[in-house]
Each structure stands twice: as C-alpha cells, then as structure tokens.
Amino acid sequence: MKLNTIDGAALMSQPLRPPSFVVDSLLAQGLHILAGSPKVGKSWLALWLAVTVAKGEPVWDMATKRGHTLYLCLEDSVLRIQNRLFEITEDAPESVHFCTECATIGQGLEEQIETFSAEHPGMVLVIIDTLQMVRPIHDATYANDYRDLSALKRLADRLGLAILLIHHLRKEKSEDVFHRISGTTAISGAVDSSFTLVEERRGSARAKLTCIGRDIEYRELELERNGDNVWELLSDSRTQPELLEGRIVVLLSEFMRNQGEFIGTPTELSQRIDPDGQEGITPKKVSRLILQSVDTLRKAGITVTIRRSNGKRIIEIHSADSDDTEAPKEIGIIDPAGQIVGDGTPGPAGGGSSLSGGQASRPAIRRPPFRGAAPAPDP
C-alpha cells in the first residue's frame, strides 16, 4: 500500500482546524486521564463534570460544549449516584447518563460506547470511573498499557468526543507529579492530556489540579471542595488572558481597519501588527496563527491568501471594507500541484492556499506579488 504523504510547503499553507474543546482550553476531544489518590474526590469531580457539561454550564468560568454525557461509574451503585446527584445539583438533565456495568477493552466496550453514541447524537463526553475496571486481566507491561489506551484513543478520535479516564496515583512521592500516575509511562504517553488531583493535606478539602497535554498549556488550578462536594476554583496559574489564536484576529482587524489590503512576508506582517513584540506574534508564529483562525477571520470579514513567490512565503490580506466593488466570489483551496479542493473555484496563480472569507469573501486577485524592490529575505 502506497504511503499517503504531504510535503512541507503544502502542509504550511493548509488551513488548520484547531481542536474542538468540550471544556474551553482544558478538555478537548480525544483521550484524557485524571489521576488522584484514593478518596481524594475524583469521582465527585467526575460526576459534577458530567452533569455540568450536559447542562452546557461553565466549568470554572470556562465555556462548555453542551451535549450528551455518559458516566460509567463502575465502582458505584445506582443508589450512591442518586444520593450524590442530590448533593451537587437541584436538577440533573436527561442528557447525562449513568451506567454501573460494561464490558472491558477489546471485549465489547468500544462497541457499547459506539452504539450508545449512535443512539444519542451530539454526545460529547464519556467518563470511565475507573480505568482499571475496564482493563482485561493481563500483566501491567508497557505494551499492554499502550495497547489498551490506544484502543480508547482511536475510539475517541473516531467518534469525535472526549473520553476521560479516572485513575490512581502511586503513594510514593516524585518531583514530577505525573510520574506518580499508576502503571507504566505508556499510560501518560497514549493520552492527549493528563490531570492529577493532589490534596494539600489529607482531609483539607483543598487540592491542586495539575494539567498538561498536547492541546492545552501547562497550568495548575487550586480547588476547594465546598459543603455540597463541588470542587470550586480558587486560583488558576494561567496568566495569559487571551490565547494568541484570539489575539491575531483582534490585531488583524485593527490593522486592516484603514486599508483594503496588505501584501508582504511574515516578518513584515509581524512587524506591522506587533512592532514591540509584546504580543509574542513572531514571524514563525504569524502564519500558523492565521491558518488556525480561518473561521473567526471569515466572520470578521478578512480574507487571507498564503502563497510562495520567488522562494518566499507571502501573506496577502484583503478586508471586506475595501473599495473593490467586484462581485463577491467563493474561493476554494488549491494545493501546490494545482489540485482543486472545495467548491472547484480556481485559486490565485502560482498555487498556494486561499483562506476563504465565506460566501461574501473576495476573489483572489491576480497581480505580481511586489512592485519595486524585492523584500528582505524572510527568516
């Protein structure tokens, strides 16, 4: 079977879709693990998360993607779950579902979750409490750990939802709390994000939730469990108020407010929108940030084309407020070989990738990329 490859130039010109988050900036689609010591309150947190996401309510001031949630509470009884529900909420929605028995990984669990997802369109979150309850009986080796979690990872990716595994921490201390996650390092390696819940001291009702992952930034959340057994946020180590993905839209909107177009290199653009470097939008980051913000830029009326000319990467930006009165036209995406993707509309001459501004976006304009002296080499 032939390898399906993409070259670097084409990859760096493709619109990138950011990960879809179930809990903004914290829990994305994929496979995740929440580990903590016994009786620290992991199950209370899992139950509250399942109910809150099903309601579409914020989790610690972070927006959630509302949808069906499935909580496999495999160490609890229906009575215990009912009692806990009465403590954490006045009204549990029909979109949160509970199950106290299921098959194990590779022995029917994947099919059970897939069937349930098909019967409940819009399911966004599955919580498995605990991971050990759904693992087949075999030796705890790196290969077995990786195989079991990889099966759940593939399931989460195929169904487009988040699967959160509740797990345990070892008793021994470690400078890196993630090294305390029970099992081999394959468990941390196979998941998209790892979360550890560690009490300040036993019985204090205060704990630190440490978070690390492929799609999230490292952060530490200080939590306190209130009288209703709900974990409340006390502090968040994340100091950056807005992600760069959001800032690029704001900065480009301001930059294009008084001009119809911009044509230049990533270095020239970053110098124009972030001259003092305080925003952290470097030449290496600006193209990626733009490609990750296609939908938001479209809503802001900004059309961007990224292409190569004379060996240089060129960014061409057009604003919907431009005086150009030519009829709007949908723009497709063209790969470097000229293969048309999307609506079949040819893109700008010389290949590249056109990031459409939506149905009211502007057509690509055929023009030499520069007039006069050539731009300085882009690093």
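Residues are numbered from 1 along each chain as its sequence is written. Because the model is predicted, local features need pLDDT of at least 70 and side-chain atom pairs count only at pLDDT 80 or more, while totals for chains, interfaces and linings use all residues, and side-chain values use heavy atoms, leaving out hydrogens and water.

**Strand β3**

Strand β3 covers residues 30-36, and seven of its seven residues are buried, where buried means under 20% relative accessible area, exposed over 50%, and partly exposed in between (1.4 Å probe, protein chains only). Strands (E, at least two residues) and helices (H or I, at least four) are DSSP runs, numbered from the N terminus. G30, H32, L34 and G36 point one way from β3, whereas L31, I33 and A35 point the other way. Two strands pair if DSSP finds at least two bridges between them; β3 runs parallel to β7 (residues 162-168), joined by seven bridges, and pairs in the parallel sense with β8 (residues 193-199) over five bridges. A35 stands opposite H167 in β7, and its bridge partner in β8 is T196.

**Salt bridges**

The structure holds 17 salt bridges, each a side-chain nitrogen of Lys or Arg within 4 Å of a carboxyl oxygen of Asp or Glu. Three of them are listed here.

| Pair | N to O distance |
|---|---|
| E200 and R206 | 3.5 Å |
| K208 and E220 | 3.6 Å |
| R298 and D295 | 2.9 Å |

R298 and D295 are three residues apart in helix α10 (residues 294-299), so about one helical turn separates them. R135, D145, R147 and D148 are linked in a network of salt bridges.
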